[in-house]
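Hello,

Here is the structure for you to look through. My notes follow below it.

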Amino acid sequence: MRPVASLLTLRTITAFVTAVCLALLGAPSAALANHIQASLLAEKPAAPGETVTLALLMQPEKGWHGYWSNPGDAGFGLSLDWTLPAGAKAEAPEFPVPQTLLLSGLMNHVYEHDYAVLVPLTLPRDAKPGTTLPIAAKARWLACTDQICVPEEADLQGTVTVGTAGTADTRFAGWRAALPAPLDRAGTFAFTGKALRIAIPFPASARIGQPHFFVASEGLADYAAAQKFYRHGDTLIAELGRAKGPSAEQPTTLSGVLALGGDAGGIALVARAGPVPEGGTPVGGTAAAGFSLATLLTAILGALAGGLVLNVMPCVFPILSLKALALARGNNHQAHVEGMAYTAGVMLACMALGGVMLALRAAGEEVGWAFQLQEPWVVALLVLLATAITANFAGLYEMPGLSLESAPGAGSSGAKGAFGTGLLAAFVATPCTGPFMAAAVGAALVLPWWAALAIFAALGLGLGLPFLAIGFVPALRRLLPRPGGWMETFRRAMTVPMGLTLLALFWLAWRLGGGTFGLLTVILAVALVGALYLVRREQRDGRRPLAGTLAAIALTAAAVILLPRTVSATGGTAEAGQLDAQPFSEATLAQARKAGKPVFAYFTADWCLSCKVNESVAIERETTRDAFRKAGVVVLVGDWTRRDPAISRFLTAQGAAGVPLYLWYPAGGGEPRPLPQVLTPDLLAGLPAGK
């Protein structure tokens, strides 16, 4: 049984739909009728010792789907616990050819229609002809829509008549035809670099549409990666992406199903480790593993919405609001130029950050969104940047692009200043994430690079959209308050949120790099304030701020050179929380699950604003502590403040591009339930009681 948190977490890329669906998970699923109706049938009577075929007929409601034996990136397949007469034996279930379903960057192997899982059953040799043998199975499966998943189960009852008289159920012929045809020859497979290549005996004259290879074993292939197919004489070569993460022991045999595309069915085969021919003529293929224009458009819309939401974050809003006021005060005929320049800067920064992340992942690094904040020296540079912005808001000097002054040399830098401000806003916004962003970035991780960059560009467009609108729509500029002395007061007021951001960055620098690193960061920030004061003096004298600028550059260079050498191996020590949480590991999770205990696993980072809010509001609360202790809940915390490949792999497996992620594992087993990204004390305290 596989974890389904990745499927339950942001199943659609547009997270406003997902948030509603996750809220619906609050009701116990046992109280609801199954969305996939299951029944147990026998094909015909059978003589003692003979084999009869049973069918588990699965009938999903419209919009729901079930899973193949290997569900793919998420979900879990059908599990059966048989109760049979003495001497009877049920063989392994046989599944029809599955379909691919790509949602939120997760590749799933599913059935979106009625399907039958066939099970050969051998009757006892001593069964008496004319009798009826009862058979029963406890069946468990996962039923999902594109938005929500529900674990379901049923106690199935059936009978088999012993004897030779009777007619066969004609439906079995169609169900048997839906099974993949067994291949009478073995193929070969080999791992090469980042690919799994499989040579499949396949006549050169045989037609093939859009093939897809379903690997039966887990942990071998990257299901969402694009599959490529080549003809090489009477051999069809399938090239699949290798599974990410540490290389497991390579198997000597591999089984799977080759779907031939459309209604052509599929082929079941077994391949042995061996040579696979090189080259060949490209054919068919599942471009981006089910990737479609609709998928890309949905992801782009999600990224656009996520970027738009970033504008109200406390670390970005002051920059945007001041730039908007500066635009209202400046030359209106240049408003559209500055709007485009600002948006271009934002989009370039988002694409650059996304491109670096994709390049690192392609090189084998386990990184996610905001990966740069896991590096202490990057946080130190953010400290210096936040110091400069805060000093600007306080009126210590004028930063080009963020000035409310219109005199020459006082910071009114037109398009260049707006472009730089866009770069600045995007970089400062990286600690902020939200549900729209998380889903969109999650999709970008598995799409082709050009599609992923389009998503990051849309994220930047969303962030720059309000300023772009102000630049192009005069009516919006007229809605802004008229220029006056209050604008300077407003700018000073914006010192407060930026100052709080600066304090948070100081704390983060200490947590990442340790005491010496944090102290040196503070010293460099104070020195930077002195350099900026020198910049202001030169600005007031009408001179280019050469000396102050050089001093600021020198301090930044010193930060890059000196700070990495002072990083502590362990960083600063955080205070213990009220929940007595243990560090997360998959082994600890498995141990707690094996003991039948309920588990609350949450993944956080010190640079994640929404994580810290949830911890303060809902997690580190006495009501939560008391409810968890009473129910014996094991609390596991995955701290992603520093780079941790194990946590990165687990997040990726859950379909999460970053934090926060909250998972609830009920007592006694069962599939995990993901929780919303906005937590409440009542939600957590009610989990042990099933509320």
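**Confidence first**

pLDDT is the predictor's confidence in each residue, from 0 to 100. Helices (H or I, at least four residues) and strands (E, at least two) are DSSP runs, numbered from the N terminus. Over residues 1–31 the pLDDT is below 50, yet this stretch has 99 contacts in the model beyond near neighbours in sequence. A contact means heavy atoms within 4.5 Å. Residues 406–412 also stay under 50, with 10 contacts beyond four places in sequence. Where pLDDT is low, the predicted coordinates should not be read in detail. The chain averages 79, and 80% of the residues score at least 70.

Two ground rules. Residues are numbered from 1 along each chain as its sequence is written, and side-chain values use heavy atoms, with hydrogens and water left out. Local features need pLDDT of at least 70 and side-chain atom pairs count only at pLDDT 80 or more, while totals for chains, interfaces and linings use all residues.

**The whole chain**

The secondary structure comes to 20 helices and 24 strands. Of the 691 residues, 51% count as buried. Buried means under 20% relative accessible area, exposed over 50%, partly exposed in between (1.4 Å probe, protein chains only). Among contacts between residues at least 6 apart in sequence, 77% join residues at least 24 apart.

**Helix 16**

Which residues of helix 16 (residues 586–594) are buried? They are Thr588, Leu589 and Ala592. They sit on the same side of helix 16, because they cover an arc of only 100° around the axis. That arc is taken from the directions from the helix axis to the C-beta atoms. An α-helix has 3.6 residues a turn, so residues three or four places apart point the same way. The face turned away from the buried side carries the exposed residues Glu586, Ala587, Gln591 and Lys594. Gly596 follows helix 16, and its phi is positive, near 80°.

**Glu43**

Glu43 is in the loop between strand 1 (36–42) and strand 2 (51–60). Is Glu43 buried or exposed? Glu43 is buried, with a relative accessible area of 13%. Leaving aside neighbours within four places in sequence, its contacts include Val52, Thr167, Asp169 and Arg176.

**Leu476**

Leu476 lies in helix 11 (residues 474–479). Leu476 is partly exposed, at 31% relative accessible area.

Best wishes
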